[in-house]
Amino acid sequence: FFLAPMAGITDLPFRLLMRELGAEVVVSELISAEGFAHGSHKTRAMMRIHEDEHPVGLQIFGTDPHKMAEAALCCEDAGADFVDINFGCPVPKVVSCGAGSAMLRQPVQMARLLEAMRARLSVPLTIKIRSGWDSGSINASEIVRVAAACGVAWVSVHARTREQGYSGLADWELIRGLHGDSPIPIIGNGDLASAELSVERLRLGFCHAVMLGRAALANPFVFLECRKLMGEPRSPVPIRRVLERYSELVLRHTHPLVAHTKLKKLFVWYASGIPGKGLFRHSMFALGNEPDKILAFALDFLTDENLSRRTAGDLSFLKGGHG
């Protein structure tokens, strides 16, 4: 059960929280190889890893083989258990420079990039892809073959095209087909809104492992629920402990100027499906920037009783993702 890389979300505090709440593998938000090459302090800060979050991967994106290899080596030196390449990001600012899902249209160039990186790395190299650029060029099977030939350890597949963004439905039959034919493990991703569905995908043989993203923003317990369904004994965790722990991690590992924004965003996402979430969201963002007040307001609304009244909803609240 993997935590998916999500831009602006899967930073150090969130990864630590998700490891504590049952995620077996976590992956960083995407990191620019160009930013690393230009000596960006922000980029290097994104490579921070804590000893308690292993196994953890750092995800990078770019197009230049030399710069990508150098960034990957830095990830390895930072303590990453594997280095992941983002070949799935659909947003214009990434695609316009030829990176992210734009690389799906360049399998020969992708192979050169992977070979250059694999030759330099000691830790596993992995990739995250989409099913293709658009409905007329679904080439995930070709990309998996290229990756396997270049020594990639596994491929995570978000089974939507770049053209789809987050619209429509992920094509899990495509994932099942890749899983059946691939010489390397396939990690399935997309529309895994619940623990029940995630476990079902595994038990029915759709993939070797599942990767959850937005589901973990709507439900902090989704990984614990997955593992309980797989037969692991798991004790209930009060939501109060989760909120307090995340606040503690953010204040310890995040710059004070952005800590309040991170707290507000996650606490609002946790309100997904709870009656009164709209007023809670409005009131939360109207609060000042004092972390203590933000936490106290969240604790008052996000109670175990209120969470028990949650209705199953979609994951449309995060459609600007990068994977």
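Tutor: Let's begin with R240, which is partly exposed, with a relative accessible area of 47% in this predicted model. Its salt-bridge partner is E244, with N and O 3.1 Å apart. E244 is partly exposed too, at 33%. Both residues belong to helix α12, where they sit 4 residues apart, about one turn of the helix. Shared partners also link salt bridges into one network made up of E20, R245, E248 and R252.

Why can residues spaced like this pair up along a helix? An α-helix has 3.6 residues a turn, so residues three or four places apart point the same way.

Now look at helix α8 (residues 172–181), where R176 and E173 lie 3 residues apart, again about one turn of the helix. Their salt bridge brings the closest N and O atoms to 3.3 Å. R176 counts as partly exposed because its relative accessibility is 33%, between the 20% and 50% cut-offs.

Another pair to find is R227 and E232, whose side chains meet in a salt bridge at 3.2 Å, N to O. Here R227 is buried, with a relative accessible area of 14%, whereas E232 is partly exposed at 26%. R227 falls in the buried class because its value is under 20%.

To put these pairs in context, a search of the whole structure finds 13 salt bridges.

Conventions: Residues numbered from 1 in each chain as written. Predicted model: local features only at pLDDT ≥ 70, side-chain atom pairs only at ≥ 80, totals over all residues. Heavy atoms only, no water. Salt bridge = Lys/Arg side-chain N within 4 Å of Asp/Glu carboxyl O. Helix = DSSP H or I, 4+ residues; strand = E, 2+ residues; numbered from the N terminus. Buried < 20%, exposed > 50% of the residue type's maximum accessible area, 1.4 Å probe, protein only.
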